Amino acid sequence: MTEQPTVKKKKAGKLERKRKVMSWAFVIIPTFFIVVFYFYPMIQSLWLSLHSGAGIGLEFVGIDNYKRLFNDQAFITAVKNTFIFFIFQIPIMIFLALVFSVVLNNKSLKFKGLFRTLVFLPSITSLVAYSLIFKYLFANGGIVNQVLMFLNVINDPILWLGDPFWAKVLIVIAITWRWTGYNMIFYLSALQNVDPSIYEASTIDGASVIQQFFKITIPMLRPVILFTSITSTIGTLQLFDEPMNLTSGGPGNATTTISQYIYNLSFEYTPNFGYAAAVSYSIVFFVIILTVIQFRLGREKK
Amino acid sequence: MKNKLLMKKILMYAFIIVTCAMFFFPFYFLIVSVTNASIDVTRGQLLPGKQFFENLKTVFDTTDIVNAIGNSSIVAIGQTFIAIFISSLAGYGFEVHPTKGKEIVYTLILGSMMIPFAALMVPLFRLFGVISGFAPGFGIDTLLGVMLPYFSTAFLIFFFRQNAKMFPKELLEAGRIDGLSEIGLFTRVFMPTMKTTYAAAGIVTFMNSWNNYLWPLVILQNPKNYTVPLVISALGSSYTPDYGAIMLAILITTIPTALIFFLLQKYFVAGMIGSIK
């Protein structure tokens, strides 16, 4: 859109000014809400993180809370768990979502809509609800163990909720089930913009379907993959609902995430808002670092 | 050659059907479990039982689910309408009247999308403690308090701005000639033209609100005020859980989002992918 000619602008100078004031009026209320409920808490959090205690009895302790992070085993475990979920779950999910989107984009496929709906359906469930369903599916005598034993994959039931390793696997499986279809929708919509003649040409050149997937589809979808991996990163770093309801963070602290640790520090243990705020800044720190890294990786090979 | 193609096709369908079956299986299990007794659910009973009405009675007699559905409805519907109105004001303002100053504000707002909620939780709780002091209706343990932080979100502002890029701005000039005020232009021209965008944003907001867990968990204290996810979560972690009844409560409370999804699928998907346009 081009700006209006200056002559007209001068003529309608008064009106223009009024319009300008009005235009700020549109953004002022929403911006006020963002400032109060997002920016102010962020600054408050920083201030809190330099204090100790909760409520009225706050005491200034400088950077002690941040020093404490490095010796806090519970915090280190929570960071490790969160990163294990991050490192294994996101690549598995993105890869599966890409494969499904390519397969379900096939023009000659029948019942495409039905298949897409079935893969997407988990995305409508609440995180609390599906966590509980998975808890019962993966119970000791539950159906998953029964099927695995029936197929002779295992001899004894796996302690999905009681074993530190399998509890993590369970969380990864659950999150993958919930979010793969969600990410697939983004890829499907991006695939609509890919010119089919590229595939046709490469087929004539003798490229296999797998080669096409890695050499055409993934590079073409790079921006969307970047978008989904950043949103997934922010989501995973805040992981709370699933470990809370599926494993209660257990066994021990084997599936406790950073968010859950912040919650516990603030509302479960003797409240220490100052230290909880310092822990929460660690998430902000990780989100920024990982987003920057992903941006670099996502843009590099252009 | 023809055989090979056929084989390929069969393999592809087999792959898809197995995958879809795995994705659908938890839903099947949910639906079957609502008709089974508690013990059969953990035993992995896959056939329908005869306990449906007993489970229904248990859900209505022993849980607060009806009350929670009421609370969640108030929160989700209220939040949806207010949030799409307030956030669209900003999306419109930033896109239709861009200035350098506003671009800076907009960039800062986008930055708030990166802030994880866990980092806001404690200061927000303290803030609402203060609000409780002078406006108890908006403070801790109120449904309005659950909604308040979501009335204006970076995501919705971003979403409306992205979509407003496709709004034909000639309509505004036409409206001005017709003598509409700036507010009139927004409510009488922009809003009706962008109906689809509002529908998409509304659905996504409703879903997020209906399923929101952490913030209500922090701010709500009296079980009478609990929203659906809090009640479901409490049922799941009770000492003597009745699994059949829990599954039924889950099914009942998933129906609203399922209905919205099936009836308004087009808008729902538009709402999701509208942010990457």
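**Buried helix, chain contact and overall form**

In the predicted model, the buried residues of helix H6 of chain A are A:Leu127, A:Val128, A:Ala129, A:Tyr130, A:Ser131, A:Leu132, A:Ile133, A:Phe134, A:Lys135, A:Tyr136 and A:Leu137. The helix, which runs over residues 127-137, is thus mostly covered, with 11 of its 11 residues classed as buried.

Chain A and chain B meet in a contact to which chain A contributes 71 residues and chain B contributes 66 residues. On the side of chain A that touches chain B, helix H2 of chain A (residues 13-48) supplies the largest share, amounting to 18 residues. By residue class, this side of chain A consists of 52 nonpolar residues, 17 polar residues and two charged residues.

Chain B was examined as a whole. Its secondary structure comprises 15 helices and zero strands. The C-alpha trace of chain B extends over about 75 × 70 × 35 Å along its principal axes. Of the 277 residues in chain B, 45% are counted as buried. Where contacts within chain B link residues at least 6 apart in sequence, 74% of them connect residues at least 24 apart.

Technical notes: Residues are numbered from 1 along each chain as its sequence is written. Chains are lettered from A and ligands numbered from 1 in the order in which they are written. This is a predicted model: local features need pLDDT of at least 70, side-chain atom pairs count only at pLDDT 80 or more; totals for chains, interfaces and linings use all residues. A residue is buried if 20 or more other C-beta atoms lie within 10 Å of its own, exposed if 12 or fewer, and partly exposed in between; C-beta atoms are placed from the backbone. Helices (H or I, at least four residues) and strands (E, at least two) are DSSP runs, numbered from the N terminus. Two residues are in contact if their C-beta atoms, placed from the backbone, lie within 7 Å. Ala, Val, Leu, Ile, Met, Phe, Trp, Tyr, Cys and Pro count as nonpolar, Asp, Glu, Lys and Arg as charged, and the others, Gly among them, as polar.
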